[in-house]
Amino acid sequence: MEMQYRRLGQAGIKVSVLSFGSWVTFAKQLPLDTALACMQAAHEAGVNFFDNAEAYENGESEKLMGQAIKELGWARETYLVSTKFFWGIVPGVNTKNTLNRKYLRHAMERSLDRFGLDFIDLVFCHRPDPETPIEETVFSMSEMVSSGKAHYWGTSEWSAHELLEAYKIAERYHLHKPTMEQPQYHLFHREKLEEEYAPLFEKYQMGTTIWSPLASGLLTGVLSAGASSVVLRPRSSCPERSVALMQCQSLITSSSGSIQRLVEKIDVGAEGCNTPAPANPAAPTRGSSSPGPAPHPVPDSASSANSRSL
């Protein structure tokens, strides 16, 4: 199957429907040679979007990805790189959990240096900042794009209200608008993207690059629901200390009841996938249950599934 590409919202750029992300893997679990091999395999499969963030391993993930790109020798036109700012990795009152102008300028310079690049294709505000005025952040991000250090800017896990304010500010002052949002989106976390963001898709054709499409591994079958408890069921190819297993174990410890119910649903769904459909399914009759209304559709032009599993 050939890789598919979609426009990122209203932008002219096209991104692969699957991307390669480095969260909790690069530098922590993958050394340079393994990271390089994974990126090469993804690139050969048609992936052109490589996702990163300043906070991933305190900048080491950006360094590792930059080294890999340099050794692979790819033409700069053939791939897109992203990073994200908010958490901060330099100690200081103005450098942590913020989107103030000064922090953003320094963060961008340091990120470019770690990557060894002249510009970043996609830059995200990793979380909303309740203390910095959104107007200050929008101006700062727009200036970043105008300077040529970023091509497009966006957000991650912002509310629809915050995004709407950002769009209005950009329109009022003729600034570069947010191009994309990166929300969590998977089978058990759908409402925000499908309902809350629906007006933004319709009015602004906002693009998306989702994170955690497999719910940190829960949807891979790494867990199994027993008669009275949830147990880990590692696959043969799953490292003993993999992030999926560690996060799932943490979830079990903190909220075993809700996770038990969640995994039971996954097991039922998996069984349903293996059950052949009847040759002539009966038509619904009066009084029988029928599906509810379909969720708000997300336009192809507004979504690029950002997979962390490659």
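Is K177 buried, exposed or partly exposed? I looked it up and found K177 partly exposed, at 34% relative accessibility. The cut-offs I used are under 20% relative accessible area for buried, over 50% for exposed, and partly exposed in between, with a 1.4 Å probe and protein chains only.

**Set-up.** I am working on a predicted model, in which local features need pLDDT of at least 70 and side-chain atom pairs count only at pLDDT 80 or more, while totals for chains, interfaces and linings use all residues. Residues are numbered from 1 along each chain as its sequence is written, and side-chain values use heavy atoms, with hydrogens and water left out.

**Whole chain.** I noted nine helices and 12 strands in the protein. These are DSSP runs numbered from the N terminus, helices being H or I with at least four residues and strands E with at least two. The protein has 310 residues, and 45% of them count as buried. For contacts (heavy atoms within 4.5 Å), I took those with a separation of 6 or more, and residues 24 or more positions apart account for 76% of them. I recorded an accessible surface of about 16,300 Å², with 53% belonging to carbon and sulfur atoms. The areas come from the Shrake-Rupley method with a 1.4 Å probe, and for residues only the protein chains shown count as cover.

**Salt bridges.** The rule asks for a side-chain nitrogen of Lys or Arg within 4 Å of a carboxyl oxygen of Asp or Glu. By this rule I have nine salt bridges. Side chains of opposite charge can pair when their charged atoms come close.

I returned to K177 and found that its salt-bridge partner is E171, with 3.3 Å between the closest N and O atoms. E171 is partly exposed as well, at a relative accessible area of 36%.

Next I checked K63, which pairs with E60 at 3.4 Å between the closest N and O atoms. Both residues belong to helix α2 (residues 60-72) and sit three residues apart, about one turn of the helix. K63 counts as partly exposed at 37% relative accessibility, and E60 is partly exposed at 38%.

Then I took K192 and E157, whose side chains meet in a salt bridge at 3.2 Å, N to O. This pair links distant parts of the chain, 35 residues apart: K192 is in helix α6 (residues 191-196), and E157 is in the loop between β7 (150-155) and α5 (160-172). K192 counts as buried at 17% relative accessibility, and E157 counts as buried at 16%.

**Positive phi.** Most residues other than glycine have a negative phi. S212 also went into the notebook: its phi is positive, near 60 degrees, and S212 is not glycine. I located S212 in the loop between β9 (207-209) and β10 (223-225). S212 is buried, with a relative accessible area of 6%.

**A11.** Where does A11 lie? I placed A11 in the loop between β1 (5-7) and β2 (14-16). A11 is buried, at a relative accessible area of 8%. Setting aside neighbours within four places in sequence, I found A11 in contact with Y152 and T179. I also looked up H151, which is 140 residues from A11 along the chain, and the C-alpha atoms of the two are separated by 9.9 Å.
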